[in-house]
Amino acid sequence: MHITLFQTDIAWEDKQENLRRVKLALEKLQGETDLLVLPETFATGFSMNTGKLAEPTNGPTLGLLQQYASKYGIALAGSYIVRHEGEYRNRFFFLTPEGNATYYDKHHLFRMGNENNRFSPGKERPIIHFREFRILPQICYDLRFPVWSRNVGCEYDLLLYVACWPASRRHVWDTLLQARAIENQCYVCGVNRIGNDGNGIRYDGGSTVYSPQGKCLATVPDAREGMSTVRLDIESLYDFRRKFPVWQDADKFKLE
């Protein structure tokens, strides 16, 4: 499976402009990749202006993205602000060219950015099946909580983080992404934005794919808009797990 990192600046609360940029990226990538991964809240930036920006699950942003996925033959992943049963959610979406959609609502809400007062946390941890891969979706602050991403019994193959992770804490982002790959014996993809948001917070990217051994397989240069595509090999992952079955000695636990 080929996966592409889309590291971009996000026009603050401007859905039309951000969707235009996604379309341009897809036009360049058609026939070159299976999955394009966008940053967290790609259409608006990490805004707490939920009343203005939230859409229903099947609103215009997701409708247009589903059209793009079908037209260009590329799956799309990212997150957006949704209004669901009277609550606001930071919702991860995974849209396939065949018209399938899977959602994950951010579980750990970033209280230092007031996200916990504007959004409701998700409680489900779905695993997405796409091509030959099983994928666990996560969003930004989730990265700090390893229990939530623990790969019990090798139930997934790719751990996917979309983020608006500030430059001031970039070292944490780099370190934890690599750690998640090693401890879970899986591929890890993290896609972050660049630029300055409407609150004056700076982001410098660090979008990267790590191998199960913690090696960098693909990245986008810091503080630059760009894309990077890499092929993930499922057979080499399975072979590594067979030869070095660390997962068989993992501690038992249960998520509450």
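User: Is strand β7 largely enclosed or open, and how many of its residues are buried?

Analyst: The model is a predicted one. A residue is called buried when its relative accessible area is under 20%. Strand β7 covers residues 133–139, and the rest of the structure largely encloses it because the buried residues among its seven number six.

User: Which residue stands opposite isoleucine 128 in β7?

Analyst: Strand β6 comprises residues 128–130 and is joined to β7 by three bridges, the two running antiparallel. Two residues lie between these strands in their hairpin, where arginine 131 has a positive phi near 55 degrees. Across the pair, the residue of β7 that faces isoleucine 128 is isoleucine 135.

User: Which residue of β8 stands opposite isoleucine 135?

Analyst: Strand β8 spans residues 158–163 and runs parallel to β7, with five bridges between them. In this pairing, the residue of β8 opposite isoleucine 135 is leucine 158.

User: What is the radius of gyration of the chain?

Analyst: The secondary structure of the chain consists of six helices and 14 strands. For 256 residues the globule rule gives 18 Å, and the chain comes close to this, so it is as compact as a globular protein of that length; its radius of gyration is 17 Å.

User: What share of the residues in the chain is buried?

Analyst: Along its principal axes, the C-alpha trace extends over about 50 × 40 × 35 Å. The chain exposes about 11,300 Å², of which carbon and sulfur atoms supply 48%. Of the 256 residues, the buried share is 55%.

Key
Residues are numbered from 1 along each chain as its sequence is written. This is a predicted model: local features need pLDDT of at least 70, side-chain atom pairs count only at pLDDT 80 or more; totals for chains, interfaces and linings use all residues. Side-chain values use heavy atoms; hydrogens and water are left out. Helices (H or I, at least four residues) and strands (E, at least two) are DSSP runs, numbered from the N terminus. The radius of gyration is taken over C-alpha atoms; the globule rule is 2.2 Å times the number of residues to the power 0.38. Buried means under 20% relative accessible area, exposed over 50%, partly exposed in between (1.4 Å probe, protein chains only). Accessible areas come from the Shrake-Rupley method with a 1.4 Å probe; for residues, only the protein chains shown count as cover. Two strands pair if DSSP finds at least two bridges between them.
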